[in-house]
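Reader: I have a structure to read and some questions about how its parts pack. Please show it first.

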Amino acid sequence: AEAGAMADWTYEMLRYAFSWNEESADKALKYVVSSRSSNESMSESQLLDILLLTILTEKDEVEKTSALVFLEEHGASLVFDYTRLHKVYFVLDNILGAPVDGQSMTYSLKAQVLVTYTALLIQFNCFEADRPRFEGFVDLLYCLVKRTNKPADRILRAYACECLHELESWYPGLLFPLLGEDWSVPTIFAQNISSPGGAENSVGQHTLGKFVNDELLHVHESYSRLFFLTFRHFTEQVVEEALKHQPMQDPSDAFSVAATPVTGTPPGSRASTPPMTPRGGPEVPTPSTPRGQAAASGESFQFRIPEHCHSGPRVAFDLAPEQTPPRLPRKLMRTMTRSISLVLETMPTSSSWTKIFFAERLSLFIRVLALPCRVVFHHFSPLLHASRPSLLHAFLVVIALFSREIDRGVSEAVVDRLFALTQDTSVEPFFRLLAINWLIALSTSKRSTFDLLWNRAQELCPRWHDPLELKEMKLQALLFCFERAKSLPRNLLSVLEALSEFKYCCRPVGSHAVVFRFLLRIVIGFAPEMEKLEVPQCLCDHLRWHPRLLPSVLSVERRANSKAVQYKLLHSLGDFVARLEPPSRIQCYFGLLVTLSETTWLDPSYVMTALRRLVFCPSSTMSWQVGMRVLITCRRIILSHPQAVIYQPMLRLLHHLATYQGCIDLRDRALLYLRLLTHAGSASLATLFQPNPGDVAQMAKRLTPVLPKTFHLVHGPVPFLRFSKSPEERRKLGIMDRQCAVFVLPTGGAGALAPAAAARAAAGEGSGVGSPQLPALPKLAADAVASEGDEVSATRGGDGFDDNDWELRWGDCGDDHQFPGEWLELASRFPVASDDAPAELSAEDREQLSLVLQEYRRLVQTSPASIRLPFVLKYESVLRSTSEALDWLECPRQLFSLELTFSSSEHFVPIEPIRIPYIAAGGSAGSGQRAGIPYIAAGGSAGSGQRAGIPYIAAG
């Protein structure tokens, strides 16, 4: 039982030779490293030593093989110099030279050593870096291969063939010397080809073709693949050289292909061999080599790398369909024909992979040798009814080369087999897809095959239990049939019922993607039949079910290859969104509305109707997001369509939004668009809404700056402007010119302090209040102010001002001068003082006054008040004779921008600059006064009409 299990295991190794992956290497690491060392982290040198020690001393074959696999996969990381590489080669050479005892050394272990050895030679480029070792290893493999029909080492010989196959694949032309003298060609064809024949180092009768013919065990397919690959490379190079140096000779000469017999056994072959055997018996020596010399050369053969061998893989060569095959030497043609026949005779006992390998590489020989269909079909016809789809694929690859020569019976059998494979649910989905692809490919090349497919087109309809990929492939096959037949059924879209699950689950990928790709193919390939098939209605239905399908619907429209098709689709979509019920659902399709609005050649009435129904819908409340999207759509319509077409409906829509919309942002934006629509043309709107970056970049170069006349008088006052006191305004504000001040509050109240109390409060006497550093505390002098019925009453009289007057004069509401009402009541109870009769205050009044002043000081310190100084800015005429320095100055009569700055000083409160938009030398202010435009008359004092324009100086 153990021997049988080991044999199965070695067979699996043979199948996957040179196909190990990272998972196999990880398993090898687990077998070898984990059992040999407890240290998880080790150097590359230690790991390599463990692997080599395992390969040499371990008795378990599984562990040895695992170590070899790990060394093969990670050789570049473990071996980084030639010393270590030679150490590895030394260990592998010892195993290959050890005798097989069936216990510690077996043929299967040596087979894995050959695979590892080959991989290391290729990986470290020993083809160029270490040629003697490379040639010695190839010679070793050749010695193993030529021991045919040995049952004991059959696995080892099969692995040796696989190693040679791998080396020939990497270095095309490497094994040409093993083909023998029959493959020699004239010099004209072998200028860049290594000739297989050569008396000085010839394999004699021990050629690859003889090995294929002699091997009778099941490993003969490895010999067949090796032989086929080698003479396939040789044929490619010969054909390429022949095409470069095609001799112009008579067709009836020795190079004529027509003179070469296709069937029959050559006279030089053995009588007991199958037809077309490439080598004769030893009793028939070759014409170019004597019998004794041939025998001697076969025994003393030493492999050497050919001169023109490629140093790396190359792309396989094949003739183009319209290219004529070159004429080759007759001897070479006979040899190639016998070799192909020999390889094809081994197919019945070969594996599936070998049959596919031959089928995919047979086209060059069919073209060059002009092989008839019946010869090739004879060897591949059993594959038509093979149980494995891969073998059917191999059969179809060969038959496709003779698609026009196959009779109707074979075509019917092929179509029946492919339909059976398509409907077989036990087969992998990719094989079923491959069957549909073959139906399409065969129908394209031959009309009769298409007729067979057309008669069974109904079987191509997708079914609900088919995989999604198969459903899409069947839909493509249906469209191919309808395109070739030039006939479309009216209910074609009914085939999408098998994909109806996307209506309930619209994922970004899946069945809905298959449906829309199918619709796109209809739009592109069957545009005239689009309305007959009701494709626009189908797209609208999809949008009605799921608004999230809008990107897919728009992608179908954008990828259409005709403006007429796009117009039909957009016309249907516009009618759909304009009639959508209820109107509140329109807000789910703003992407469609923007697309329709940006299409200049489409009627904008669809979009305007949809927007009007959404905005004027009484049952829907428009949020800020929806309103902004409505305005964005309006903006796109204004930019994309003529103003005369959209003026009336757009005017009504924007007016409604600007008037009745509750959100102020939407009202302001709608009002802005409304003004632009009514006051600007289409070109101006486009410039405002969508400026061209190139025009903006050129604007600075094209525009000429127009600057007004500017005066900078740094070292002196402006001669035509000056400040003057306004006694009238100062009296109304309670400011006297007698070193005292009465503070008039916005409420109109005023309080006059007794001179003695005021003096003591200012000097800090009495209650100790009255610090001279108080920033906003007014100066209280001992001088008496006017009586309450005099100036103070004037501030409260008819010429006084209320809250509105204060804001009109100073530009603010006077919050910094708002004081508690009890302070005003306390100030009104104090007697009014004069110079002749000072006011007498009782001790209680003084205490209350002290408390009020303390509270006032705290209030000023926490929130200091602004100091307002009423001055009048006058415009005066300048006398030219007064100063020679001003003769150059041209005094303007109007100033459109005036900025007054004040010098700073550490002894005064800083004053902020004053900016006056307009001031003129004369005339009436007119309507400009009501709008707040300052006006200063020339020469005179400020009149009553100037109250609205008196500038003020505010300091924090």
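Reader: How many of the 9 residues of helix α15 are buried?

Author: Helices here are DSSP runs of H or I with at least four residues, strands are E runs of at least two, and both are numbered from the N terminus. Buried means under 20% relative accessible area, exposed over 50%, and partly exposed in between (1.4 Å probe, protein chains only). This is a predicted model, where local features need pLDDT of at least 70, side-chain atom pairs count only at pLDDT 80 or more, and totals for chains, interfaces and linings use all residues. Residues are numbered from 1 along each chain as its sequence is written, and side-chain values use heavy atoms, with hydrogens and water left out. Helix α15 covers residues 352-360 and is largely enclosed by the rest of the structure, because the number of its residues that are buried is 7.

Reader: Which helices do the buried residues of α15 pack against?

Author: The buried residues include K355 and F358. Contact means heavy atoms within 4.5 Å. The partners are α10 (154-170), α12 (220-244), α14 (330-345), α17 (373-380) and α18 (389-399).

Reader: What is the angle between the planes of F176 and F234?

Author: Rings of Phe, Tyr and Trp (its six-membered ring) pair if their centres lie within 6.5 Å; planes under 30 degrees apart are stacked, over 60 edge-to-face, and the rest tilted. By this rule there are 25 aromatic pairs. F176 and F234 are an edge-to-face pair, 5.2 Å centre to centre, with planes at 85 degrees.

Reader: How many residues apart in sequence are the parts that this pair ties together?

Author: Both F176 and F234 are buried. F176 lies in the loop between α10 and α11 (208-214) and F234 in helix α12, so the separation is 58 residues.
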